[in-house]
Amino acid sequence: MKVAFITGITGQDGYYLTKLLLEKDYIVHGTIRRASLINTERIDPLISKYGNDRLYLHYSDLLDSSSLTNLLNKILPDEVYNLAAQSHVSVSFKNPIYTTQVGTLGSISLLEALRNTNKSIKFYQASSSEMYGGASKTKLNEKSPFDPKSPYAASKVFAHDVTKLYRESYDMFTVNGILFNHESPMRGETFVTRKITRAVGRIKLGIQEKVLLGNLDAFRDWGFAGDYVEGMWMMLQHHTPDDWVLATGESISVKEFAKAAFEAVNLNWKDYVEVSEKYFRPNEVEYLLGDYSKAEKEIGWKPKTSITELVNMMVESDLKLAKQEKVLIENNLLKPTWDNPKS
């Protein structure tokens, strides 16, 4: 039975990857940061099903290299997936030092811990399409130049490069997955796709009036997170370590995503979407489009979920959540705090 170690296990990708590995009969260990509030909500169903049997959580932090080394020596995993990051691009402008520390010191601390524990452990680094900068409308692949436009993207470039460096310098099985935007019902509510679908559910049920968004003309290559974590796993099963882009090969604007989401519930997006400058980035990434042909050819990966299927999946899930919220509001158990709620 294989053993996997995941940083960032409580995030969107952490949930889907953990679910996938458990279904493949792995033993999974993950790190969580000690906090006053329990933050395992996404993976609670997996804890209930597999906890104390094949799913184990450990308090640790990417900036605490000694705890990482101790954990790796104790667990001795076959595979390590580094998903932990301060992953919100806009927040990275407001918290650039922390974002950069996690992305740079965190990744190299984990690589050093692996090098000193067992160099045969396979390592996956979560790289990002944000590293490209979005100035070109051409399809981006593994050889396209990086031009980061945020502290988050700059830290990801360092982690990407140092992962390659350890592969080439120490003969370690380290890979970079350059993942374009991937969404799901598990996406954080501050990310634009989930912010839209949450608003759609609430507006449809009459508990919210408007949704405030930033740049509607930013284009992204959006896929389903559940498909992308399968690609992560496939990279570590390949006979040779390398770097691969995961994408859908299609790019749509935020405006088009919003239009599709509102149309899913028979509403006109123009009646409910307002633009607010506070949601614009200081340095905007205008256009991202990925070329996943190398991944398809070498590891057999391709996206399974269309953008229409993704939008409908997220809207359906958030309609259910909105119905639950409406009951709580009507019973004075919840006070609306989102954009422009009805009083």
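Figure 1. Helices are DSSP runs of H or I with at least four residues, and strands are runs of E with at least two, numbered from the N terminus. Just after α1, Asp25 takes a positive phi of about 70 degrees. This is a predicted model, in which local features need pLDDT of at least 70 and side-chain atom pairs count only at pLDDT 80 or more, whereas totals for chains, interfaces and linings use all residues. Residues are numbered from 1 along each chain as its sequence is written, and side-chain values use heavy atoms, with hydrogens and water left out.

Figure 2. Asp243, found in strand β11 (residues 243-246), is buried, with a relative accessible area of 7%. Its side chain makes a polar contact (a pair of N or O atoms within 3.5 Å; within protein, one must be able to donate a hydrogen and the other to accept it, and residues adjacent in sequence count only if both atoms are side-chain atoms) with the side chain of Arg167 at 3.0 Å, and another polar contact, of 3.1 Å, joins the side chains of Asp243 and Asn176. Leaving aside neighbours within four places in sequence, the residues in contact with Asp243 (heavy atoms within 4.5 Å) include Glu142, His160, Lys164 and Lys294.

Definitions and conventions
Buried means under 20% relative accessible area, exposed over 50%, partly exposed in between (1.4 Å probe, protein chains only).
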